[in-house]
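Subject: Structure handover

Hello,

Here is the structure I promised to pass on.

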Amino acid sequence: MEDLTRELLLIAKGNELAFNEFMNRYMEGIYYHAYGILSNKEMAEEIVSDVFFEAWRNRKKLPEINALKTWLNTIAYRKAISYLRKEKKHDKNLAVEEITSFSLPETETPVDGIINKEEMKMLNAAIDTLPPKCKHVFYLAKFEQLPYLEIAEILEISLATVNYHVSTAMSVLKKKLAHA
């Protein structure tokens, strides 16, 4: 935590080396979040670039931001939704309920050493059966490990809705994996 504080202070002063470290720390999570919404590798990469451009523009404020990961994910979410609006020429009020898909790219997690490839394949298949909104909330809660309150803020939904989606996802996954 102390390293991050020092890094943010250096970034606020315009240190590009510190900013590169900052980007390396958060890039993968932001990419997976954007990819999950857009299901498009190139657009997800563009969203990541946009998020870090925004962070650089606001570099002097970075040390004051309490929930940095949430702040970055919120920017990524809003930029992805903005892209979807442009793509679909949709009205300005595209909500999380209107996201028609949420994709999880194949990921390797720290527990992959414990879980064999076949089990990982079954888990990914079970996750893919979740409804898009449920999968998105589950991703933020379990993969990004964001607090439920922060997820509610990012997606502009109630805390009860976040709880509902996570518990639904866990229930579905438990049933699917029990039968596997």
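T70 lies in helix 4. Helices here are DSSP runs (H or I, at least four residues), strands are runs of E with at least two, and both are numbered from the N terminus. The model is predicted, so local features need pLDDT of at least 70 and side-chain atom pairs count only at pLDDT 80 or more, while totals for chains, interfaces and linings use all residues. Residues are numbered from 1 along each chain as its sequence is written, and side-chain values use heavy atoms, with hydrogens and water left out.

Is T70 buried or exposed? T70 is buried, because its relative accessible area is 5%. The cut-offs are these: buried is under 20% relative accessible area, exposed is over 50%, and partly exposed is in between (1.4 Å probe, protein chains only). What does T70 touch, beyond its neighbours within four places in sequence? The partners are L146, E150 and I154. Contact means heavy atoms within 4.5 Å.

**The whole protein**

The protein has eight helices and zero strands. From the N terminus on, its elements run α-α-α-α-α-α-α-α. Of the 180 residues, 42% are buried. Take the contacts with a separation of 6 or more: residues 24 or more positions apart account for 63% of them. The accessible surface comes to about 10,700 Å², and 53% of it belongs to carbon and sulfur atoms. Those areas come from the Shrake-Rupley method with a 1.4 Å probe; for residues, only the protein chains shown count as cover.

**Helix pairs**

Two packed helices are described by the angle between their axes and the distance between the axes. The axes are lines fitted to C-alpha atoms, for helices over the stretch in contact, and angles run from 0 to 180 degrees between N-to-C directions. Angles under 35 degrees count as roughly parallel, over 145 as roughly antiparallel, 65 to 115 as roughly perpendicular and the rest as oblique.

*Helix 4 with helix 7.* The axes of helix 4 and helix 7 (residues 148–155) come within 9 Å and cross at roughly 30 degrees. Helix 4 is therefore roughly parallel to helix 7. The crossing is right-handed. A crossing is right-handed if the near helix is turned clockwise from the far one by less than a right angle, and left-handed if anticlockwise. Helix 4 brings T70, N73, T74 and Y77 to the contact, and helix 7 brings E150, I154 and L155. These residues divide into three nonpolar, three polar and one charged. Here Ala, Val, Leu, Ile, Met, Phe, Trp, Tyr, Cys and Pro count as nonpolar, Asp, Glu, Lys and Arg as charged, and the others, Gly among them, as polar.

*Helix 3 with helix 4.* Helix 3 (residues 41–57) packs on helix 4 (residues 68–88) at an angle of about 130 degrees, with the axes 9 Å apart. Helix 3 is therefore oblique to helix 4. This crossing is right-handed. On the helix 3 side, the contact uses M43, I47, D50, V51, E54 and A55; on the helix 4 side, W71, L72, I75, A76, K79, A80 and Y83. Ten of the contact residues are nonpolar, none are polar and three are charged.

*Helix 2 with helix 6.* Helix 2 (residues 16–38) and helix 6 (residues 132–143) have axes that come within 10 Å and cross at roughly 170 degrees. Helix 2 is therefore roughly antiparallel to helix 6. G29, Y32, H33 and I37 in helix 2 meet H136, Y139 and L140 in helix 6. Four of these residues are nonpolar, three are polar and none are charged.

**Single residues**

Y32 lies in helix 2. Y32 counts as buried, because its relative accessibility is 18%. Y32 and E45 are 13 residues apart along the chain, and their C-alpha atoms are separated by 9.5 Å.

S49 is found in helix 3. S49 is partly exposed, at 46% relative accessible area.

Most residues other than glycine have a negative phi. Which way does phi go at S39, positive or negative? The phi of S39 is positive, near 55 degrees. S39 sits in the loop between helix 2 and helix 3 and is partly exposed, at 31%. Q145 is not a glycine either, and its phi is positive at about 55 degrees. Q145 is in the loop between helix 6 and helix 7 and is exposed, at 64%.

Best wishes
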